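The following paragraphs lead through one structure, from a few of its helix pairs to the overall chain and then to the ligand. Please look at the sequence and the model first.

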Amino acid sequence: MSVTTLATMTAPSPAAATIPAFGAPALPGFADPRKLRGEAARKARQNQVFGNLTPRAYEDLVFRLRTITGSVVLVSDPAGVKRVLVDNVANYPKSEMEQRFFRALFGDGLVGTEGDLWRRHRRIMAPAFDPRSVASYGPAITRACDAFYGRWDAVPEGGVVDLPSDMSGLTLRIIAGTMFSVDTDDVIGLVADSMKDGFDISQFNILDILPITGPIRMRRRERRMAEQFRPLDAAIRRMIEAREKDPQGPAADLLGRLVTAHLDSGDAAMTEREIRDQVITIFIAGHETTAQALNWTWYLLSQHPEAEARLHAELAEVLGGRTPTQDDLSKLAYTRRVIEESMRVYPTAPGISARVAKADDEICGLKVRKGEHIAIAPWILHHHAKLWDQPARFDPDRFLPERSAGRHRFAYLPFGGGPRVCIGQVLAMNEAVLILASLAQRYTLRLAPDQEVALQANVTLRPKYGLRMTLHRR
Ligand code: HEM
């Protein structure tokens with residue numbers, strides 16, 4: 001379920017969809033507004049991700065939904081998800097609207113292209129994300145964590161930190177250091193500035209899909225996006241030019257691969273404009289997502305002291321006070337489970353891109369017609385009553401190998417799946433584990449007393465009113 005599909009939903013169903021809560025602590029997104037009154041009901045309604053959906057979404061595994069422009073098949077059966085994303089993937093390209101939306105954001109970056117262009121670029125970029133390359137980024141991640149301590153050490157005991165801003169700052173520095181081998185404040189500052197108001201989709205609505213208003217609004221959006229990233233363009237051009245003069249160094253990072261592909265075969269492999277689009281894509285897609293995953297993890301830990309205590313015990317045993325390195329990853333099993341469970345409860349990408357059927361097909365017994373839209377939503381999959389036991393409960397141990405054994409691989413989809421799976425998946429997981437282990441060893445965070453927590457699904461799942469937390473040394 002993408003943002004573009006969401007815009008086509010018909011009016012809210014009178015019985016809005018709610019996830020069975022099973023008496024879990026009242027986490028935002030899981031309370032049933034029908035059972036509440038006044039302010040509590042308002043908050044619950046505001047926190048419903050995909051609140052226009054019928055309650056069937058959390059009970060049925062594959063069914064057809066009516067929308068203003070036609071029908072959408074909502075697929076939550078893991079076998080059906082696999083059919084769309086893997087087994088019959090050639091039949092299900094990203095929808096036209098989805099591609100246009102992401103092209104407005106990222107140009108010819110990997111997220112919004114299809115076909116040969118996407119395949120060629122993905123092939124050039126993939127080696128920079130394989131496990132061996134990702135392992136080589138370990139020291140840069142450790143260095144960034146070491147450098148970050150100073151920021152929180154300067155905060156007085158019990159003082160308030162602006163968590164989203166701090167997590168974005170840290171993950172941005174890591175992307176800049178690992179993918180492009182830069183740590184200069186000018187580029188990093190410009191990326192942060194271009195993102196400070198989030199993605200320009202909050203006004204995405206029915207007018208965007210109507211034949212006359214749609215193209216006009218899209219052109220306006222494209223102009224605004226170009227404006228938003230313009231200050232960055234010159235800095236990125238300088239980065240590319242510097243590397244073209246020295247293609248071998250300083251490291252065989254992603255920028256090196258992009259520039260070498262361009263120098264070796266000219267525009268046949270990648271034009272300068274395409275390099276710029278990929279650099280922006282990785283800067284944005286590569287830091288905002290990981291930062292949101294960490295924000296929700298800190299929040300969930302603050303609400304679940306038992307899980308937090310177990311995390312602290314593992315960190316004391318494995319690290320005993322030192323900053324973790326790549327070699328510690330295999331021993332930080334509980335830390336990893338905390339991140340995995342946090343991305344189940346609050347998936348950073350609540351809906352993956354809408355796909356469209358090129359030809360008739362059948363998904364888990366449901367006949368799909370050529371041209372129909374297919375929606376797959378991690379938010380729904382991760383909270384589906386038929387796929388998870390007590391889906392509204394935060395329980396990192398559900399990712400223990402013995403408890404994961406019978407689970408279908410496509411019931412859990414924080415990074416998507418198939419050929420279009422997140423290219424940065426391994427990097428993101430390693431990075432999130434190393435950051436959490438480094439910081440949780442030294443600090444505990446609690447929700448600031450006046451902080452309201454609410455969900456905002458806007459490509460990524462963000463804390464709507466920010467997340468100010470009080471900082472406590474351990
Ligand atoms: C917790 C962190 C992250 C999450 C939850 C996440 C999630 C996702 C998801 C769900 C998709 C698939 C979207 C679809 O099928 O429509 C995706 C694609 C992508 N992600 Fe990530 N991502 C994360 C981190 C990263 C990082 C660190 C990078 C790069 C350094 C990255 C770069 C990309 C790119 C380039 C794509 C498009 C891939 C393609 O279509 O070939 N992501 N991500």
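An axis here is a line fitted to C-alpha atoms, for a helix over the stretch in contact, and an angle between axes runs from 0 to 180 degrees between N-to-C directions. Helices (H or I, at least four residues) and strands (E, at least two) are DSSP runs numbered from the N terminus. The model is a predicted one, in which local features need pLDDT of at least 70 and side-chain atom pairs count only at pLDDT 80 or more, while totals for chains, interfaces and linings use all residues. Residue numbers start from 1 along each chain as its sequence is written.

Two packed helices are described by the angle between their axes and the distance between the axes. Take helix H7 (residues 138-153) and H18: their axes come within 10 Å and cross at roughly 30 degrees. H7 is therefore roughly parallel to H18; angles under 35 degrees count as roughly parallel, over 145 as roughly antiparallel, 65 to 115 as roughly perpendicular and the rest as oblique. On the H7 side Ile141, Thr142, Cys145 and Tyr149 take part, and they meet Glu431, Leu434, Ile435, Ser438 and Arg442 of H18. Contact requires C-beta atoms, placed from the backbone, within 7 Å. This contact has five nonpolar, two polar and two charged residues. Ala, Val, Leu, Ile, Met, Phe, Trp, Tyr, Cys and Pro count as nonpolar, Asp, Glu, Lys and Arg as charged, and the others, Gly among them, as polar.

H18 also packs with H13, where the axes come within 10 Å and cross at roughly 40 degrees. H13 and H18 are therefore oblique to each other, and their crossing is right-handed. Thr289, Thr290, Ala293, Leu294 and Thr297 of H13 touch Ala428, Glu431, Ala432, Ile435 and Leu436 of H18. Six of these residues are nonpolar, three polar and one charged.

Another pair is helix H9 (residues 185-195) with helix H10 (residues 213-245), whose axes come within 9 Å and cross at roughly 155 degrees. H9 is therefore roughly antiparallel to H10, and the crossing is left-handed.

The chain has 18 helices and eleven strands. Its C-alpha atoms fill a box of roughly 55 × 55 × 40 Å along the principal axes.

Which residues come nearest the ligand? Of the 25 around it, they are Gly286, Ser353, Gly416, Cys422 and Gly424; a residue counts as near if its C-beta atom, placed from the backbone, lies within 6 Å. The elements giving two or more residues to this shell are helix H8 (163-179), helix H12 (272-285), helix H13 (288-303) and helix H18 (425-442). The shell comprises 15 nonpolar, eight polar and two charged residues.

Technical notes. Two residues are in contact if their C-beta atoms, placed from the backbone, lie within 7 Å. A crossing is left-handed if the near helix is turned anticlockwise from the far one by less than a right angle, and right-handed if clockwise.
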